[in-house]
Amino acid sequence: MAELLEKISAVDRISNIFVANQTMVGEGLPAWVNQARTPALQAFQKMGIPSFRTENYKYSDLTRLFENENFRRSFKPDLFDVDLAEVFSCDVPEFDTHLILVANGWYDEKSTNSELFPKGVIIKSLRKAMLENADLVEAYYGKLAKSNEDPLTAINTIFAQDGVFIYIPDNVQISKPLQIINILRSEDDLFVTQRNMIIAGKNSQAKIMLCDHTLTSQQFINSNITEVKIGEDAVVDIYSIQNQHNKTASFSGIYVSQDKGSTLSTNAMTLHGGIIRNNLKISLDGEHASANISGLALSDKNQHVDNYTSIEHLKPNCVSNQLYKNILDDSSTGAFTGRIHVSPYATKTAAYQRNNNVLLTDAAKMNTKPQLVIDNDDVKCSHGATVGRINDEALFYLQARGINEKEARLMLMFAFAHEVLAEVKIDKLRDVIDQLVNKRLRGEVSRCHSCALDCIR
Amino acid sequence: MLVIKDLYAKVEGKDILKGINLTVNAGEVHAIMGPNGSGKSTLANVLAGHTNFEVTHGTATFNGKDIFEMSADVRAKEGLFLSFQYPVEIPGVSMVNFLKTAVNEHRKYRNQKELSAGDFLKLMREKKEMVQIDSQLTNRSVNEGFSGGEKKKNEIFQMAMLEPTLAILDETDSGLDIDALRIVSNGVNMLKNKNNATILVTHYQRLLDYIVPDFVHVLYEGRIVKSAGKELAIELEEKGYDWIKKEVEA
Ligand SMILES: Nc1ncnc2c1ncn2[C@@H]1O[C@H](COP(=O)(O)OP(=O)(O)OP(=O)(O)O)[C@@H](O)[C@H]1O
Ligand SMILES: [Mg+2]
C-alpha cells in the first residue's frame with residue numbers, strides 16, 4: 001500500500017525555502033536589508049497565501065497557484081549566452097529610450113549601457129545601491145511597500161535581492177524615457193522576485209516605462225515591487241506594458257509617496273499574462289499633489305486580471321483621477337477594486353474614479369468595487385462603474401454603412417479602449433500602444449516572445 | 001429595383017408588419033406616411049438588416065437579389081442606404097476613420113482600389129460642401145454630442161459619401177430647421193438620378209415640396225392601406241389620418 005504523505009502547506013514550504021537559503025539570499029547585502037526579512041516572514045505566516053478570505057484579495061484566490069508550485073527560485077543571476085540588449089534592440093527610430101534590462105529579477109549590467117544615462121542621474125542595480133547609496137535606499141525601503149499590510153509584499157521582502165534603482169536629483173529633468181525591460185527566461189519553471197526603487201528629487205521630471213516579457217514558455221511566478229518617492233513639484237509618469245505568456249502569474253506592486261505639488265501619471269496596459277494582480281497604492285503626502293492613474297486590460301481564454309488601487313488623500317487640495325477599463329473575451333475574468341481614503345485633514349480633496357468594462361461573451365466575468373472612505377465634508381468625489389456589452393445599435397449603425405460585423409466590433413472595442421490610451425502622454429509611445437492594442441484585439445499579438453515595441457515591425 | 005411581396009415581420013414576439021407590398025423602380029421617389037407606431041421605421045430597419053426584427057413571411061428583392069440572404073453590411077455595399085430616424089452616438093469612433101472605412105469597404109466590394117488619404121479627404125471636402133456640414137462636426141466622434149438636426153445632416157452627408165442606389169430616409173426632415181431642410185433637400189435632389197431611387201418616410205407635406213414624390217403611400221397597422229400621387233400628401237396634411245382609419249375599418 002502506498003504511503004500517504006501529509007501535504008505540507010504552501011506557507012510552510014515557502015518559509016522552509018527561505019530558511020534553507022537564507023545565507024544565499026542575504027549574501028553581500030547590508031544588515032538592514034536582511035533584517036527586514038524576518039518581520040516580513042512573520043507577517044506572511046500570519047496573513048497566509050492570498051485567498052478569497054484575505055482582505056483585498058476577494059477576487060483573486062491564489063491558494064491553488066501557490067500550493068501547486070515547486071518552482072526553482074532565482075537566488076542567483078542566470079547566465080545568458082546572448083546579449084539581451086541585442087535581442088531587444090528597438091527598431092522604432094523615433095522612439096528613443098534609455099534601456100535598462102532586468103533578467104529574472106536581476107539587473108543586467110552587461111546589457112545596460114550606463115554611459116549613455118543622463119549626467120547626475122543614478123541608475124543602477126538596487127543591490128549595488130543598497131551598498132553604495134544606503135542613505136537613499138534605506139530611507140524608503142520597506143517604508144512605502146509595507147510587509148505587514150499585504151502578503152505579496154511580504155513574500156517579496158522575504159526574498160528581495162535585486163532590481164532597479166533610479167535616482168533623479170533635484171531640478172533634473174530627463175526628457176528621454178527610461179525603459180525598464182523585465183525579461184523572464186528559464187529552462188525550468190521559475191519563481192522570480194524583483195524589487196525596485198525610484199526616487200525623484202524636488203522639481204525633477206522623468207518618464208518611466210516598465211515592460212514585462214517572457215522569452216521562454218516555462219511557467220513563471222513573478223513578484224515585482226517598486227517603491228516610488230516623488231519629491232516636491234516633481235512630475236513622474238509610469239507606463240507599464242504587461243505582455244507575458246499565459247502561463248505566467250504576475251504580481252506587481254507600485255507603492256508611491258507624493259510630496260507637495262507633485263504630479264504622477266500611470267498607465268497600466270495588460271495585453272497578455274495568466275494571472276495578473278496589480279497593486280497600486282498612492283499616498284498623497286503633500287498639498288496640491290495630483291495623481292492620474294489609468295489602466296487597460298484586454299483578456300481572453302482563461303486570463304485573470306485584477307487591478308487594485310488605493311489612494312490615500314492625507315493633505316488638503318490634492319486631486320486623484322482614476323480610469324480603468326477591461327475588455328474580456330472567452331472565459332477570462334477581471335476585477336477592479338478602487339479604494340479612496342480621504343483623511344480628516346484632506347479638505348478640498350477632489351477624487352474621481354471610473355471603471356468601465358465590456359464583456360464579449362457570457363462566460364467572461366468582471367467584478368468591480370469602489371471603496372470610498374471619506375472622513376471629510378469638504379470634498380468632491382465621484383465614482384462610477386459599468387459592466388456592459390458591445391452596443392448593438394452602434395454595431396448595426398456601422399454595419400448599415402457597409403462595415404462587416406467583425407470589423408465593426410473591432411472599431412467599437414478600439415473606441416472603448418482608446419479613452420485610456422489617450423492618457424499616455426508620450427506621443428510616440430501612444431502610437432505604439434495604439435497599434436499593439438489594435439493588434440491584440442485582432443488576436444495578432446499572440447504569445448509575444450520579444451519586446452512589445454518589436455511586435456509592430 | 002426593390003420588390004417587396006406580402007412581408008410580415010415581428011419584434012419581441014409582436015407582429016408589426018402585416019403584409020407589405022411595395023415596388024420601387026429606378027428613378028422614382030416614394031413617400032411613406034402614416035401615424036406613429038404604424039411600422040414605418042420597422043419596415044426601414046427590416047430592409048436595412050436589423051437583427052432585432054424577425055421576418056416571418058414574404059419576400060424582398062433588391063436588384064433581383066434576395067435581400068434577406070444578405071447581412072446588413074452587404075446590403076449597404078449593394079447600394080442600400082438607411083438614414084436613421086434616431087442616429088446613434090458612437091464615442092471614440094472618429095467620423096473620418098468611420099467614413100474612410102465605410103467608403104473603402106464599398107470600394108473593395110466593387111473591386112475598386114482603396115482611396116488614398118489625400119483622395120479621401122478631397123472627396124470628403126466636396127461632399128461636405130454639398131450638404132454644408134460643419135468641419136467641426138466631421139472632426140468629432142460619430143454623432144457624439146451632435147444636436148438633433150446635426151445628426152440628420154450627418155446622415156445625408158454619409159449618403160452623399162456612399163452614393164447609394166436606394167436611399168431610405170426615415171424622418172430625415174424632423175428636427176431640421178428651415179434652412180437645413182432646404183439644404184438637405186437640395187443635397188438629396190442633387191444625388192438623384194435616373195438610376196437610383198429614394199424612399200422618404202415623413203410626417204410632413206413640407207418636405208415633399210422640396211423633394212417631389214412620384215408616389216405617396218399610407219402605412220397603417222403594418223400594411224400599406226392607400227397609395228396615390230403627391231396630392232395624397234396634401235390631403236393628409238389637411239384632414240389627418242382619421243378618414244383613412246375609417247376607410248380601413250369599414
Ligand atoms: N425593438 C422594439 N421592441 C419592441 N417594440 C418595438 C421595437 N421596435 C418597434 N417596436 C414597436 O413597433 C411598432 C412600430 O414601430 P415603428 O418604429 O416602426 O413605428 P413608426 O411608424 O416608425 O412610428 P413613428 O412615426 O413614431 O416613427 C411600435 O408599436 C413600436 O413600439
Ligand atoms: Mg419611425
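This is a predicted model: local features need pLDDT of at least 70, side-chain atom pairs count only at pLDDT 80 or more; totals for chains, interfaces and linings use all residues.
Helices and strands here are DSSP runs, at least four residues long for helices and at least two for strands, numbered from the N terminus.

Start with the pockets. The largest pocket holds about 850 Å³ of space. Its lining is made up of 33 residues, and those nearest the centre are A:Asn246, A:Gly274, A:Ile275, A:Asn302 and A:Gln303. Two elements of chain A, α4 (63–68) and β11 (248–258), each put at least two residues into this lining, with α4(A) giving the most, four residues. By class, the lining of the largest pocket has 16 polar, nine nonpolar and eight charged residues.

The second largest pocket comes in at about 400 Å³. Here 21 residues form the lining, and A:Asn56, A:Glu149, A:Asp150, A:Lys281 and A:Tyr308 sit nearest the centre. Helix α8 (151–159) and the strands β13 (275–284) and β15 (304–313), from chain A, each supply at least two of the lining residues. The top contributor to the second largest pocket is β13(A), with four residues. Sorted by class, this lining splits into eight charged, seven nonpolar and six polar residues.

Seven cavities of 30 Å³ or more turn up in the count. The largest cavity has a volume of about 260 Å³. It is lined by 25 residues, with A:Leu210, A:Ser240, A:Ser252, A:Ile254 and A:Asn278 closest to the centre. Strands of chain A do much of the work: β7 (190–200), β8 (205–214), β9 (220–230), β10, β11, β12 (263–272), β13 and β15 each give two or more residues to the lining of the largest cavity. The largest share, four residues, belongs to β10(A). As for residue class, the lining of the largest cavity has 16 polar, eight nonpolar and one charged.

Strand β10 spans residues 235–243 of chain A and includes A:Asn243. With a relative accessible area of 1%, A:Asn243 is buried, because buried means under 20%. Between A:Asn243 and A:Leu215 there are 11 Å in space, C-alpha to C-alpha, and 28 residues in sequence.

The second largest cavity has about 60 Å³ of space. Around it are A:Arg73, A:Ser74, A:Phe75, A:Trp106, A:Phe159, A:Gln161, A:Phe191 and A:Thr193. That lining divides into four nonpolar, three polar and one charged.

Chain B is where the magnesium ion comes in. The ion (ligand 2) is coordinated by B:Ser41 through OG and by B:Gln85 through OE1, at 2.0 to 2.1 Å. B:Ser41 belongs to helix α1 (residues 40–48) of chain B, while B:Gln85 is in the loop between β6 (80–83) and β7 (90–94) of chain B, so the pair ties together parts 44 residues apart in sequence. B:Ser41 is partly exposed, at 21% relative accessible area, whereas B:Gln85 counts as buried, at 14%.

As a whole, chain B has ten helices and twelve strands. Its C-alpha atoms fill a box of roughly 60 × 40 × 35 Å along the principal axes. The radius of gyration of chain B is 18 Å, which agrees with the value near 18 Å for a compact globule of 250 residues. Of the 250 residues in chain B, 54% are buried. Among contacts in chain B with a separation of 6 or more, 68% join residues 24 or more positions apart.

Methods: Residues are numbered from 1 along each chain as its sequence is written. Chains are lettered from A and ligands numbered from 1 in the order in which they are written. Side-chain values use heavy atoms; hydrogens and water are left out. On a 1 Å grid over the protein atoms alone, a cavity is a set of points where a 1.4 Å probe fits but cannot get out, and a pocket is an open set with protein on both sides within 12 Å along at least five of seven lines; lining residues have an atom within 4 Å of a point. Grid points are joined across faces, edges and corners, and a volume is the space filled by probe spheres set on the points. Ala, Val, Leu, Ile, Met, Phe, Trp, Tyr, Cys and Pro count as nonpolar, Asp, Glu, Lys and Arg as charged, and the others, Gly among them, as polar. Donors are N, O and S atoms within 2.8 Å of the metal (3.2 Å for Na, K and Ca); water is not among the atoms, so sites may look incomplete. Buried means under 20% relative accessible area, exposed over 50%, partly exposed in between (1.4 Å probe, protein chains only). The radius of gyration is taken over C-alpha atoms; the globule rule is 2.2 Å times the number of residues to the power 0.38. Contact means heavy atoms within 4.5 Å.
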